[in-house]
Amino acid sequence: MKNLVIIGGGTAGTAMANKLIKYLPSDKWKIIIIEKAKEHFYQPGFLFLPFGYYTRDQITKPAKIFFPKGADVINCEVDRIYADKNLISLKDGNSIAYDVLLIATGTRISPEDTPGLKGELWQKSVFDFYTIEGAEALARFFKTWEGGNLVINIADNPIKCPVAPLEFTFYADEFFTRKGIREKVKITYVTPMSGAFTKPKASKFLGSLLEKKNINIVTDFFLGEVDNTNKKILDFGGREVPFDCLVTIPLHSGDPVISKSGLGDEFGFVKANKNTLQSVSYQNIFVIGDASNLPASKAGSVAHFQADILHKNILSFINNEPLKASFDGHSNCYIETGYGKGILIDFNYETEPLPGLFPLPVLGPFSLLKESRINHYGKLLFKWIYWNILLKGRWLPIPSKMSMKGKITD
Amino acid sequence: MAQKTYAGKTVDVNEEGYFTNPSQWTKEIAAEIAKEEGIVLTDQHYAIIEFLRNRHNSGEALSIRSINHSGVIDVKTFYQLFPGAPLKKATKIAGIPKPASCI
């Protein structure tokens with residue numbers, strides 16, 4: 001028997017396990033998933049928690065119900081990967097040998113890497129919503145907050161779900177308007193980018209939406225430190241933005257195991273080929289999802305599209321064939337814009353988000369780079385799709401390669 | 001596609017003045033672009049420019065964060081060397097594309 005070991009049973013690891021079990025002959029291959037967490041969170045739901053739209057129970061399920069029958073699951077933390085020996089040591093002292101390793105360890109916030117961010121105001125007036133604890137603490141804070149300077153800040157890229165900070169900002173505008181205290185809440189969006197978003201067309205569209213909603217934007221701001229005494233954030237050049245409530249999207253890092261095992265870049269993301277998803281150092285190591293250093297979004301839809309091509313490459317590798325399947329950087333995100341509306345963007349390494357209809361020309365039904373109600377329902381529907389299709393590695397009627405159908409170019 | 005002349009050489013640039021062909025770059029050209037930005041290049045400037053160019057050539061993404069890991073200078077010094085928007089200015093002077101943070 002040979003071992004295919006998956007480290008990480010989150011969105012990407014779970015989807016891959018479900019996909020691979022269908023293709024690997026069970027008399028020759030054993031799939032082993034290493035995942036310590038017992039709960040699986042629907043992470044897009046973290047955005048909704050601070051505003052009371054969802055509760056923790058509504059976005060949590062036991063992790064084990066999504067793992068395929070026939071796979072071994074080890075509830076333990078990995079201590080280190082010894083890639084030269086094809087061996088993984090676990091924190092409980094055991095070790096596991098692998099023939100093929102799939103790294104799906106994701107990304108995490110590292111607020112401790114910015115001076116003052118995890119200071120005395122942490123979870124008192126400084127919050128994150130990228131963890132369940134942070135999102136819940138913020139929900140409690142918002143219940144009684146009477147207003148002031150609300151600052152939403154991205155410390156630096158890359159971050160998970162790059163559209164979430166904007167969605168949070170749009171939701172905050174709606175939330176405080178409905179509460180009747182919008183005029184007492186000054187909302188400022190502070191970003192390291194030169195506009196609301198990275199790619200030109202989407203940035204222009206989203207920037208004008210911020211303006212329409214009376215949200216200030218501060219650009220080119222790289223967070224250097226948080227001054228807890230004077231309630232200010234400062235960039236490395238000394239620019240200051242005062243806050244009464246800071247919603248931070250801290251720096252992101254890969255799993256500490258990656259750096260410890262010598263497989264990552266300086267932030268702990270696995271160095272991988274951006275098309276084949278194979279590690280640049282070891283041929284029998286592959287990576288999927290947020291754990292890689294690929295220049296693609298760190299998002300669930302990306303992991304889904306990657307899974308489509310990666311299972312082919314893993315099978316090719318096992319059969320000593322060249323890796324032919326190629327990931328194009330495809331990403332597809334619903335962006336909530338508040339008041340029951342949303343927009344949709346669809347793009348890849350080469351093509352920026354464009355206006356048009358998706359997935360079909362004329363019929364849509366979703367509109368690209370344009371607000372609509374149906375896009376919002378698409379986002380809500382996605383929760384069902386996530387639990388029932390995406391995690392189970394099932395087929396979705398959206399090809400993994402980005403299509404130009406329905407898109408309008410200049 | 002626009003062109004600009006620096007130190008007697010014609011180079012290809014985009015609408016924002018960033019090089020579209022990094023191989024056309026020379027140290028002398030860098031000094032002239034820097035002058036436009038109001039910066040006089042020192043050895044420290046050249047050290048970080050070399051780091052940025054090497055990193056770009058190896059296909060790795062550039063970010064403010066990566067400067068702290070460069071082993072050349074820290075981010076605060078980077079801001080002092082290229083005041084305002086250091087990464088944008090430094091990449092322009094280094095003759096490489098403006099870092100587009102991937103999403």
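Two strands count as paired here if DSSP finds at least two bridges between them, and the tour of this predicted model opens with a pair of that kind.

Select strand 11 and strand 18 (residues 245–249) of chain A, which pair in the parallel sense over two bridges; within this pair, A:V126 stands opposite A:L246, the latter belonging to strand 18 of chain A. Then widen the selection to the sheet around them, an open one of five strands in chain A that runs in the order 11-18-12-13-14 with parallel pairing. Strand 11 (126–127) and strand 14 (216–218) of chain A lie at the edges with a single partner strand each, so one side of each is left without a neighbour in the sheet.

Next, colour chain A by its domain assignment, which gives domain 1 as 2–51 + 59–106 + 255–318, domain 2 as 111–251 and domain 3 as 331–390. Taken over C-alpha atoms, the centres of domain 1 and domain 3 of chain A are separated by 27 Å, and where these domains meet, 12 residues of domain 1 of chain A are in contact with nine residues of domain 3 of chain A. On the domain 1 side of that contact, helix 6 (residues 300–318) of chain A gives the most, with four residues, and by class this side has seven nonpolar, four polar and one charged residues.

Now centre the view on A:V257, which is placed in helix 5 (residues 256–260) of chain A. A residue is buried if 20 or more other C-beta atoms lie within 10 Å of its own, and A:V257 has 23 of them within 10 Å, so A:V257 is buried. Leaving aside residues up to four places away in sequence, A:V257 touches A:V78, A:R80, A:I81 and A:T105. To set a scale, draw a C-alpha to C-alpha distance from A:V257 to A:R394: these residues are 30 Å apart in space and 137 residues apart in sequence.

From there, move to the interface of the two chains, where 17 residues of chain A are in contact with 16 residues of chain B.

Helix 2 of chain B makes the contact through B:I48, B:I49 and B:L52, and helix 5 of chain B through B:A90, B:T91 and B:I93, a set made up by class of five nonpolar, one polar and no charged residues.

Methods: Residues numbered from 1 in each chain as written. Chains lettered and ligands numbered in written order. Predicted model: local features only at pLDDT ≥ 70, side-chain atom pairs only at ≥ 80, totals over all residues. Contact = placed C-beta atoms within 7 Å. Nonpolar A, V, L, I, M, F, W, Y, C, P; charged D, E, K, R; others polar. Domains from an automatic or database assignment. Buried ≥ 20, exposed ≤ 12 C-beta atoms within 10 Å, placed from the backbone.
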